[in-house]
Amino acid sequence: MDTSLHPNDAFAGFGKLVRSAFVLERDYAHLNHGSYGATPVSVLAAQRVWQDRLELEPSRFMRREYKPAMRAAAEALAPRLGVEADGVVLVENVTQAVNAVLRELDLSAGSEILLTDQTYGAVRNTARHISKRNGWTLRDVALPFPALSADEILTTFKAALTPAPALVIIDHVTSPTALVMPVAEMAVAAREAGALVLVDGAHAPGMLDLDISKIPCDWYTGNCHKWMFAPKGCGFLWSSESRRDGMHPLAISHWYEEGYIAEFDYVGTRDASSMLCMSSVLSFTDAHGPKRIRAHNHALVNDAADMLAKAWKTERGAEQALTGSIAMVRLPDGLGATLEEADTLRNRLVDEFRVQIPINALTGTLWCRLSAQIYNDIGDYERLESAVAEIS
Ligand SMILES: Cc1ncc(COP(=O)(O)O)c(C=O)c1O
């Protein structure tokens, strides 16, 4: 949590007061910002303006205005990531970026890619698919969960670097377990072992005070449509200088072999309004204060996780230092242990109680993943607590 702000400053003006800034259904506890984000009305309006600009004169827009506008969006984003814009290209999402990186990897047959048991499913499938074609192998390191400290994660990860893999894929924030990983230290260790490093930072932009320049990696990809309030279909890929030459987007188009930026900025005719409205995305965050948003979200998710773990007499998935704006809490016993039971419970919470929250089956029992965003207040988590009490 950002302690430079008084907690009252972080909470002022958020919660119910700011809910009408979002399209989200009313009378709903939306506790799953993490999966798909939620876009403010003002950003959706700005996106619509870009769609209109395209449709008013499609040829002029696509031939003259589109590429400079894509670059301007990447240039506006880059300083927020702590890097220069010449390494940043906008992509629809992290899944596409990971596919693009892995497709271009030039590794010999028999090379090994190191994942973790918490690697995001779509990323794992991408690695599986490309490895099958190239004769690479995949290995998983089992990370501690519940996680007690960053040191515990780091020690486990470092032990898995012998024998040295050719590539490691590190999640900055894990999806199934909501852990903020000591990614810079992990990247240092992986590089020392001689591995290439791809960081999957799907959740990090907006949730954390991100500075990619402090993470020694070859590629870093993140989503703007989760915690930065961008419309769906807005993410980025940053490639280190030495990796840019061999990179190509998933769709090879007119600008083939014209360079990293030219190729990624134009991947065929499309509606890229989710990316082009970047300045409005950043303005929304700036109006509320990026630091204040993070302070609110981190404090709220920690308060809520503590409250629920106490009410349910269970435990959290990680100590506060490993928690960003998402946090795991173990559900009370007796609600199930399998993925099917997790799905059933999740559906009941939506259909009968209007509470949207991901449930996962881990450690032989069920856990829920809380998200906190500026439109949430503690009442949303109390609603979850009452719903679970009725179901139990
Ligand atoms: C860790 C992680 N990686 C990748 C993704 C994929 O994001 P997208 O569906 O936007 O490509 C997610 C989405 O939740 C994620 O949590």
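Two strands count as paired here if DSSP finds at least two bridges between them. With that in hand, welcome to a set of close-ups of a predicted model.

**View A. Three strands make an open sheet in the order β9-β12-β11.** The pairing in this sheet is antiparallel. β9 (326-330) and β11 stand at the edges with a single partner strand each, so one side of each has no neighbour in the sheet. From one strand to the next, the twist averages 35 degrees. Helix α13 (residues 290-312) packs on the sheet, where it touches β9 and β12. The direction of α13 makes about 0 degrees with that of β9.

**View B. Here we zoom in on the pairing of β11 with β12.** Strand β12 covers residues 365-371 and is joined to β11 by 4 bridges. The two strands run antiparallel.

**View C. The largest pocket has a volume of about 740 Å³.** Its lining counts 33 residues, and S35, Y120, S175, P176 and R369 are the closest to the centre of this pocket. At least two lining residues come from each of α2 (33-36), α5 (94-104), α6 (121-134), α14 (339-353) and β11 (359-362). Domain 1 (7-30 + 289-391) and domain 2 (44-283) both give residues to the lining, so the largest pocket lies between them.

**View D. The second largest pocket holds about 290 Å³ of space.** Of the 19 residues that line this pocket, H172, V180, M181, L208 and A321 are the closest to its centre. By class, its lining has 12 nonpolar, 4 polar and 3 charged residues. Domain 1 (7-30 + 289-391) and domain 2 (44-283) each provide at least three residues of the lining.

**View E. The structure holds 1 cavity of 30 Å³ or more.** About 40 Å³ of space lies in the largest cavity. Among the residues that line this cavity are W50, Q51, F61, Y66, R270 and D271. α3 (41-56), α4 (58-81) and α11 (273-276) each supply at least two residues of the lining. The most comes from α3, with 3 residues. Sorted by class, the lining of the largest cavity divides into 6 nonpolar, 2 polar and 2 charged residues.

Methods: Residues numbered from 1 in each chain as written. Predicted model: local features only at pLDDT ≥ 70, side-chain atom pairs only at ≥ 80, totals over all residues. Heavy atoms only, no water. 1 Å grid on protein atoms, 1.4 Å probe; cavity = no way out; pocket = protein on both sides within 12 Å on 5 of 7 lines; lining within 4 Å. Points joined across faces, edges and corners; volume = space filled by probe spheres on them. Domains from an automatic or database assignment. Nonpolar A, V, L, I, M, F, W, Y, C, P; charged D, E, K, R; others polar. Axes fitted to C-alpha atoms, helices over the stretch in contact; angles between N-to-C directions. Contact = heavy atoms within 4.5 Å.
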